Amino acid sequence: MKITRVEAIPFAIPYTKPLRFASGEVHTADHVLVRVHTDEGLVGVAEAPPRPFTYGETQASIVAVIEQVFAPEIVGLPVTDREGIRDRLERTVANPAAKSAIDMAVWDVIGKSVGLPVTELLGGYTDRMAVAHMVGFAAPEKMVAEAERMRAEYGITTFKVKVGRRPFSLDVEACRALREGLGDDVELYVDGNRGWTASEAARALRAMEDLDLTLAEELCPADDVLSRRWLTGQSRIPVVADESATTPGEVTRELLGGSAHAISIKTARSGFTTSQRILFQSEGMGAEVVMGNQVDGQIGTLCTVTFGTAYSSTSRRAGELSNFLDMSDDLLTEPLEIVDGTVFVRQRPGLGIDIDEDKLAHYRQDR
Ligand code: MUC
Ligand code: MG
């Protein structure tokens, strides 16, 4: 079965509540729906979320690179030739969200063609994942209220708190309010999105030592090589590399350089094919992994769940799977649900993504 066409459809769905963090903020899901068509009529689907503040991609750049570079490279290749497709995509540097959406749509077609869920093709370890919710910047009482609502309505008990503001006491205060407001039974961890210097981060971690935080993600930039190593060496909780470790080479650099202890895997930026490499490499090096969230919509979240449920180590911790709840709408005919703090993978051929064509017509930006 050969690839005949790759569609890149820009769409925009507003958030009911923007997500704010140290490197940026998201008000609208201005994503790109990617569809890989084949000569047997099967079509694979995934979405690419542009995150210019992290990877430099925009909605327009994703559409352009797919239409002008990636589609011409891969049309005509057998859809099962995942390595060949990856090779062709990797001839172009960067553009991780565009490449990943194509990769995951290709896996979707393969799953459909053999009548199996992609999660089973990948590893098939479990059918569900616990959910962690990302709490963005706001006044401490609003952050606590949001977490309380997530716990009451969806049963979520793990929260990733965005930090990285100046002065760092703002975030210390917010984390303390969350711990006091939610009690000892919830898991709290923090993500700085490179907002602090290593010395600020060290002081902030010390000030939060009594809060039982479980992980500290990307507190300062990867380019602060020596000070980041200094910080990681003294941290009493595992330091997670997120945007600093998006490729196997970067994972090696962060782990062997002593700049991180654990790795965040995001299918939105490494698809399934490269995420597998990152996962197996992390396991081989003895590093924990977290299934992260690139402020994904429901399609992207289903992709994360598909990968996260496939393996033992990716399903061990709660995955960041809930921020689509703040979108005003989405494109699936059957919305993704979180019940008792859990998301289930779809036991259908491929990824189980069925696009509501009326909604797509309403939200698409190219007509
Ligand atoms: C995260 O873990 O950093 C914020 C920006 C992005 O690309 O992902 C999010 C969450
Ligand atoms: Mg992060």
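Select Gly258 first: this glycine follows helix H10 and has a positive phi, near 70°. Helices here are DSSP runs of H or I with at least four residues, strands are E runs of at least two, and both are numbered from the N terminus. The model is predicted: local features need pLDDT of at least 70, side-chain atom pairs count only at pLDDT 80 or more, and totals for chains, interfaces and linings use all residues. Residues are numbered from 1 along each chain as its sequence is written, and chains are lettered from A and ligands numbered from 1 in the order in which they are written.

Next, select H10 itself, residues 248-256, where Val251, Glu254 and Leu255 are buried (20 or more other C-beta atoms within 10 Å of the residue's own; exposed means 12 or fewer, partly exposed in between, with C-beta atoms placed from the backbone). These three lie on the same side of H10 because they cover an arc of only 90° around the axis, taken from the directions from the helix axis to the C-beta atoms. Gly249 and Leu256, on the other side of H10, are exposed.

Move to Pro167, in the loop between strand S7 (158-162) and helix H7 (169-182). Its peptide bond with Arg166 is cis, with omega about -5°.

Two non-glycine residues with positive phi come next. Arg194 has phi near 65° and sits in the loop between strand S8 (187-191) and helix H8 (198-207). Arg194 counts as buried because it has 23 C-beta neighbours inside 10 Å. For Asp340, phi is near 55°; its loop runs between strands S13 (319-320) and S14 (342-344). Asp340 has 11 such neighbours inside 10 Å, so it counts as exposed.
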